[in-house]
Amino acid sequence: MADSTTTHSSSLSTASSSSAFIQENPSLSRPPASQGQSQEEERESVMVSTAASMHRSGSRPQLDLSGAAIQGNFEERNPIILLPNQSDDISCMALDIGGSLIKLVYFSRHEDNPHKDKRKKYMKQRLEVPNGGRRSYPILGGRLHFVKFETRKLNECVDFIKCKQLHRGGEENAWNSGALQNENVVIKATGGGAYKFTDVFKEGLGVTLDKEDEMDCLVAGANFLLKAIRHEAFTHMEGHKEFVQIDHNDLFPYLLVNVGSGVSMIKVDGYGKFQRVSGTNVGGGTFWGLGRLLTKCKSFDEILELSQRGDNSAVDMLVGDIYGGMDYSKIGLSASTIASSFGKVISESKDLSEYRPEDISLSLLRMISYNIGQISYLNALRYGLNRIFFGGFFIRGHAYTMDTISFAVHFWSKGEAQAMFLRHEGFLGALGAFMSYDKHGLEDLMAHQFVERFPMGAPYVGGKIHGPPLGDLNEKISWMEKFVQRGTEILAPVPMAPPGTTGLGGFERPYSRGDTLRSDASAALNIGVLHLVPSLEVFPLLKDPKKYEPNTIDLADRSELEYWFTVLLEHLPDLVDKAVASEGGTDDAKRRGDAFARAFSAHLARLMEEPAAYGKLGLANLLELREECLREFQFSDAYITIKQRENEASLAVLHDLLMELDSMDEETRLLALIEGVLAANIFDWGSRACVDLYHKGTIIDIYRMSRKKMQRPWRVDDFDTFRERMLGSGDQKPLPHRRALLFVDNSGADVVLGMLPLARELLRRGTEVVLVANSLPALNDVTANELPDIVAEAAKHCDILRKAAEAGGLLVDAMVDCRDVSDDKFCSIPPLMVVENGCGSPCIDFRQVSSELATAAKDADLIILEGMGRALHTNFNAHFKFDALKLAMVKNQRLAEKLINGNIYDSVCRYEAAGSKRS
Ligand SMILES: CC(C)(COP(=O)(O)O)[C@@H](O)C(=O)NCCC(=O)O
Ligand SMILES: [Mn+2]
């Protein structure tokens with residue numbers, strides 16, 4: 001569908017009289033601002049990013065950059081930098097080389113360029129944003145990647161490291177290429193292979209492996225994950241996965257069971273405090289070894305896959321076989337309980353070839369899993385531990401394995417103990433080895449500083465062992481194309497059927513699931529890349545951060561998931577059109593658009609198949625995933641043109657609106673302002689219904705319709721309470737708020753005609769205003785980077801805004817037509833500031849906001865959340881320490897029914913005063 005707002009939006013018009021503001025007028029349009037980056041800017045970014053990384057740091061995996069100097073030409077894109085004081089050890093990776101698999105964890109740094117953004121720099125100074133928190137040494141942002149290889153294909157691992165230059169600090173470190181010799185490079189490694197393959201690494205990469213104790217590493221890795229990753233641990237019973245919130249103040253003691261080739265059971269009492277209390281030689285190696293002999297399968301995963309279709313009763317001797325089909329109820333054993341694994345074979349004179357490999361593999365899997373579960377529980381009992389965490393590559397996210405272990409623990413403990421699993425199960429040792437670099441700094445990190453992302457077309461991410469690494473975008477796209485070709489059913493997810501259970505005997509057989517995604521891609525999607533953003537913080541004004549849950553709609557409810565899945569899929573073609581157009585509609589853009597659509601659909605299909613595959617799933621996660629996917633295929637701002645056009649059209653009528661508002665008395669004006677925010681929230685390109693509307697009429701028609709719907713009472717209407725807090729009742733004049741945080745939403749009319757006039761009112765009343773906007777684009781939401789220019793334009797029409805913006809440092813660069821205001825009445829105008837929220841999504845998770853916002857929040861006593869994403873999908877039920885106003889128009893019928901028992905286009909004005917029962 002063509003972008004019809006190209007014509008319609010420009011009809012949002014100026015008005016000649018105040019009351020005519022919402023009436024039709026001649027159109028106004030201006031050419032869009034240039035989006036290109038000048039050569040000069042580009043050169044600056046190269047140099048600045050170089051300079052930005054040149055600060056000395058004691059944390060690892062960072063470098064000693066003291067005395068660093070660029071060798072050669074400054075104009076070069078990636079000039080070599082000499083690091084005269086760099087010590088030997090510069091690795092950003094660690095290995096766990098086991099008997100069957102090599103696990104690799106590596107860190108890549110973000111290319112942060114704080115100097116480029118003057119607004120950010122100014123705000124940091126103004127708000128005194130601390131650098132690096134409480135740490136004595138800073139940590140740069142970056143990403144933790146998880147990769148594995150088969151040990152017998154060691155050369156693939158060596159090639160991968162070489163290709164990514166991990167032994168030299170990572171490929172993104174251009175300074176390093178050719179500048180450093182690796183003779184003295186030391187890489188931390190654990191597992192038996194660290195001893196066995198020392199020479200291979202020395203010869204292949206010129207590096208020395210520094211051996212770390214395996215148990216130390218396992219425990220350090222598990223402790224790190226349980227503390228720093230939010231949805232790390234989960235239970236898995238009868239096909240149902242549930243994440244467990246671990247309180248890190250109450251983590252110890254616990255039993256860690258690492259199921260690798262063999263099994264170790266470790267009692268963990270604290271950081272670095274543990275004891276290996278038991279183990280068993282019957283583990284993953286046994287399953288693979290016996291499985292290979294008995295089934296002729298070539299790989300571990302093949303045997304596991306086979307077991308999905310097996311029936312172990314063909315091989316196992318069951319209680320019913322002994323008791324003529326009856327239960328042995330006196331001692332609580334059902335007929336289907338396994339009395340003896342493989343026991344049936346002795347009474348039959350059949351050859352191996354007469355048994356189905358499927359049945360054998362299932363029998364083997366059950367035998368080993370039950371045994372591990374049972375021994376683990378007995379050890380937990382022996383040491384009085386009621387939490388057991390299972391890790392290791394035997395489990396590999398396999399539902400039936402987890403169910404079987406859980407069943408054993410549950411059965412033998414009579415429900416007293418619970419088996420828990422770890423999402424990064426196979427990487428405990430490698431992570432622990434990574435942590436063992438001196439003064440790493442990662443130990444101090446908290447859950448909110450990690451953001452997990454699930455890139456598509458990056459098959460190395462924790463999945464099966466894959467071919468060459470995907471370096472650039474082009475490779476990613478081709479991978480996406482190939483991936484979809486191989487699994488054409490990817491868009492038809494297979495619903496999960498609940499497994500049959502036979503009571504005490506456990507499950508009859510595994511339920512099978514969609515095979516298409518079980519291939520290469522499935523495992524690759526189970527864990528993501530951990531983005532380390534040290535500047536993320538918990539929003540300090542949350543009333544109870546521990547109880548805070550951002551999502552309002554629970555997608556664990558299958559019908560909700562299906563509904564939102566369909567909504568997002570239906571929106572996809574239109575979004576792809578916009579994205580492709582935003583990049584000039586070139587063939588390259590079309591190819592990327594297509595790859596994006598495939599990638600996002602594949603993610604959706606995966607989540608439909610297993611909603612908890614990527615951690616706990618809420619609607620906010622789905623909406624963010626979409627934005628992340630767009631960014632992955634280099635669509636940096638799909639709605640850029642629409643946003644610019646709507647901003648311009650709205651700014652053109654702002655003056656008239658302000659005049660109209662100024663002619664009103666205080667009370668009428670406050671109501672008109674709130675109405676204005678609600679009405680203008682209709683300009684939302686993420687809502688299907690709204691996009692349909694834009695195709696049917698001009699923006700002015702829509703705006704008028706929207707205001708007409710503003711008749712009170714609104715569906716949720718706390719305006720009177722809010723008005724009383726603002727204006728008081730009778731002669732009592734309340735103190736104004738000290739500082740208000742206004743979480744703005746969409747570009748165009750929403751921010752210009754809705755939120756800015758409200759901000760102006762607060763400023764006029766003596767309240768400092770901080771406009772909080774997205775760090776990265778999402779749909780047509782306005783970003784923090786875009787706001788200063790919008791405010792500068794608005795300030796041309798309004799002295800209050802101009803004074804406030806000047807005071808808030810927003811007009812540093814803006815070419816404002818500064819009429820000299822000698823009028824004293826504006827002297828006391830408080831500052832208007834802009835901060836970024838740390839998000840790139842239409843929603844906001846208050847557990848992870850920018851340090852800039854967290855700092856600005858410390859002096860705030862009023863929070864205004866605007867829009868469906870931030871005030872309804874997320875945070876509708878959130879409570880804050882201070883007054884909170886949630887304003888949104890509901891632009892989805894189902895949500896309106898569900899949340900407010902209302903209808904599409906109803907309004908929500910929810911006010912919760914600090915200390916009130918609701919807040
Ligand atoms: C993406 C959105 C949350 C954005 O809403 P906003 O925050 O801009 O008010 C919303 O448009 C939405 O939920 N859209 C999907 C539902 C639909 O198309 O009806
Ligand atoms: Mn929005």
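## Exercises on strands, a ligand shell and a buried arginine

Arginine 453 stands opposite valine 529 in E18. Before we go on, note that this is a predicted model, where local features need pLDDT of at least 70, side-chain atom pairs count only at pLDDT 80 or more, and totals for chains, interfaces and linings use all residues. Residues are numbered from 1 along each chain as its sequence is written, and chains are lettered from A and ligands numbered from 1 in the order in which they are written.

**Exercise 1.** Find the strands that pair with E18 and describe its two faces.

*Solution.* Start with the terms: helices (H or I, at least four residues) and strands (E, at least two) are DSSP runs, numbered from the N terminus. Two strands pair if DSSP finds at least two bridges between them. Strand E17 (residues 450-453) pairs with E18 in the antiparallel sense over four bridges. Next, strand E5 (residues 142-150) runs antiparallel to E18 and is joined to it by three bridges; here glycine 142 stands opposite leucine 532. A residue is buried if 20 or more other C-beta atoms, placed from the backbone, lie within 10 Å of its own.

**Exercise 2.** Is arginine 168 buried or exposed?

*Solution.* First locate arginine 168, in the loop between helix H4 (154-164) and strand E6 (186-190). Then count: arginine 168 is buried because it has 24 C-beta neighbours inside 10 Å. For orientation, its C-alpha atom is separated by 33 Å from that of glutamate 624, 456 residues apart along the chain.

**Exercise 3.** Which residues come nearest to ligand 1, and which helix gives the most to its shell?

*Solution.* Of the 19 residues around ligand 1 (C-beta atom, placed from the backbone, within 6 Å), Gly686, Arg688, Gly867, Met868 and Gly869 come nearest. The elements giving two or more residues are helix H22 (688-696) and helix H29 (868-873). H29 gives the most, with three residues.

Methods: A residue is buried if 20 or more other C-beta atoms lie within 10 Å of its own, exposed if 12 or fewer, and partly exposed in between; C-beta atoms are placed from the backbone.
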